[in-house]
Amino acid sequence: MFLYSFKMHHLISMQDIKKEDMLKILHRAEFMEDVCNFKVKYDKWKDIVLGNLFFEPSTRTRISFEIAMLRLNGKVSNFAEKPSQTSLEKGENITDTIKVVDSYCDIITIRSPNAGTARYASEISGHPVINAGDGSNQHPTQALLDIYTMQKLKGKISGLNIALIGDLKYGRTVHSLISALAMFNARITLISPEDLRMPSFIIEDVEKKEDVRINEIYDIDVKDINKKIKEGKFDIIYLTRIQKERFADVEEYEDVKDAYKITKDMISDNTIVMHPLPRINEIDREIDNTKNAAYFAQAKNGVPVRMAIIDYLLENFYGDKVFVQ
Ligand code: CP
């Protein structure tokens with residue numbers, strides 16, 4: 001009998017990543033922090049080109065992927081976020097766009113407003129593909145940097161009480177994060193307006209694979225939720241923006257847009273406040289300068305974690321191939 005061990009060449013969804021791969025990436029991110037801080041030199045991927053393909057707005061993901069590749073001594077070609085600035089505007093099919101970009105670059109990141117685009121790109125591309133967010137589906141690199149940040153701040157994830165709060169229906173960051181948290185045995189509570197509950201297929205997938213029980217609160221008993229937060233029942237509260245752009249009806253958005261807002265007096269000393277950003281009104285700015293605030297640390301950790309992801313995928317893909325320097 002032959003046993004095949006498939007190496008991870010793409011990062012598309014936290015639903016299909018193995019914990020072993022996740023641990024290797026997280027460990028590598030610590031080394032990448034030293035590279036960022038000029039403590040070690042690392043230029044294995046000198047002149048390797050990343051195609052940074054963004055068809056939806058982004059600040060953190062796009063820029064941190066660009067900086068990550070530059071810190072690895074690679075090169076970056078940024079593709080316009082507006083289809084009007086590419087040949088898609090002339091009617092070109094996304095398949096042709098991806099095939100051409102694949103022929104120019106050595107690794108591709110892709111953000112799309114449509115769920116499934118990154119997976120499709122990985123199926124037709126000859127190079128590693130990284131999902132930088134596909135519609136309201138998945139945002140796996142965000143989940144990895146979230147886990148990295150939690151581990152750094154709390155020293156562990158197993159057994160921690162972690163609340164995911166806000167738009168759990170359309171928020172792709174939490175769709176990815178819940179799978180990762182389950183793999184680390186966190187105690188997960190989902191808090192959202194009823195209309196913005198986490199899709200049941202995601203919860204079922206997590207409960208099927210991992211030995212976790214997920215607690216859901218969706219009746220917006222805000223007072224009760226606030227009491228739990230104030231009493232320090234949660235080690236980490238992870239807030240998300242209500243995703244206005246995903247609502248078909250603007251009135252539905254208006255009904256829920258201010259469902260949750262965390263202020264300084266609502267949090268206990270030991271509660272970490274996280275958010276993938278951008279935020280709208282979910283977190284009062286007076287929390288920014290407290291030791292509870294972790295959202296800017298999250299954004300900063302995006303660079304070493306994305307360096308580790310690029311490095312891991314390229315290493316798996318190219319193996320021991322030597323590049324002429
Ligand atoms: N967290 C995140 O994905 O931010 P951007 O949309 O700015 O990339």
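**Reading helix packing, sheets and local backbone features**

Guide: Helices H5 and H6 are oblique to each other, the class for angles that are neither under 35 degrees (roughly parallel), nor over 145 (roughly antiparallel), nor 65 to 115 (roughly perpendicular). This is a predicted model, in which local features need pLDDT of at least 70 and side-chain atom pairs count only at pLDDT 80 or more, while totals for chains, interfaces and linings use all residues. Residues are numbered from 1 along each chain as its sequence is written, and side-chain values use heavy atoms, with hydrogens and water left out.

Visitor: At roughly what angle do the axes of H5 and H6 cross?

Guide: Two packed helices are described by the angle between their axes and the distance between the axes. The axes of H5 (residues 140-154) and H6 cross at roughly 50 degrees and come within 8 Å. Axes are lines fitted to C-alpha atoms, for helices over the stretch in contact, with angles from 0 to 180 degrees between N-to-C directions. Helices (H or I, at least four residues) and strands (E, at least two) are DSSP runs, numbered from the N terminus.

Visitor: Which residues of H5 and H6 meet?

Guide: Contact means heavy atoms within 4.5 Å. On the H5 side are Pro-140, Gln-142, Ala-143, Asp-146, Ile-147 and Met-150, and on the H6 side Thr-173, Ser-176, Leu-177, Ala-180 and Leu-181. The residues of this contact of H5 with H6 comprise seven nonpolar, three polar and one charged. Here Ala, Val, Leu, Ile, Met, Phe, Trp, Tyr, Cys and Pro count as nonpolar, Asp, Glu, Lys and Arg as charged, and the others, Gly among them, as polar.

Visitor: How is the pair H2 and H10 to be read, and at what angle do their axes cross?

Guide: The axes of H2 (residues 60-71) and H10 (residues 295-318) come within 8 Å, with a crossing of roughly 55 degrees. That angle makes H2 oblique to H10. The crossing of H2 and H10 is right-handed. Among the residues making the contact are Arg-60, Phe-65 and Met-69 of H2, and Val-303, Met-307 and Ile-310 of H10. The contact of H2 with H10 involves nine nonpolar, three polar and three charged residues.

Visitor: In what order do the strands of the five-stranded open sheet stand?

Guide: Two strands pair if DSSP finds at least two bridges between them. The order of this open sheet is S7-S6-S5-S8-S9, with parallel pairing. S7 (215-217) and S9 (272-274) are at the edges with a single partner strand each, so one side of each has no neighbour in the sheet. On average, neighbouring strands of this sheet are turned by 20 degrees against each other, direction ignored. Within the sheet, S5 (residues 161-165) and S8 (residues 236-239) run parallel and are joined by four bridges; Ile-165 has Leu-239 in S8 as its bridge partner. H6 (residues 172-183) lies across S5, S6 (187-191) and S8, at about 165 degrees to S5.

Visitor: How many residues of strand S3 are buried?

Guide: Burial is judged by relative accessible area: buried is under 20%, exposed over 50%, and partly exposed in between (1.4 Å probe, protein chains only). In S3 (residues 107-112), six of the six residues are buried. Both faces are covered, with Ile-107, Thr-109 and Arg-111 on one side and Ile-108, Ile-110 and Ser-112 on the other. S1 (residues 49-54) runs parallel to S3 and is joined to it by five bridges, with Leu-50 opposite Ile-107. S3 also pairs in the parallel sense with S4 (residues 129-134) over four bridges, where Ile-108 stands opposite Val-129.

Visitor: Where in the backbone is there a cis peptide bond?

Guide: The cis bond joins Leu-277 and Pro-278, with omega about 5 degrees. Pro-278 lies in the loop between S9 and H10.

Visitor: What are the phi values of Asn-73 and Asn-185?

Guide: Phi of Asn-73 is near 65 degrees, positive in a residue other than glycine. Asn-73 is in the loop between H2 and S2 (75-79) and is partly exposed, with a relative accessible area of 34%. Asn-185, likewise not a glycine, has a positive phi of about 60 degrees. Asn-185 belongs to the loop between H6 and S6 and is partly exposed, with a relative accessible area of 40%.

Conventions. Left-handed = near helix turned anticlockwise from the far one by under 90°.
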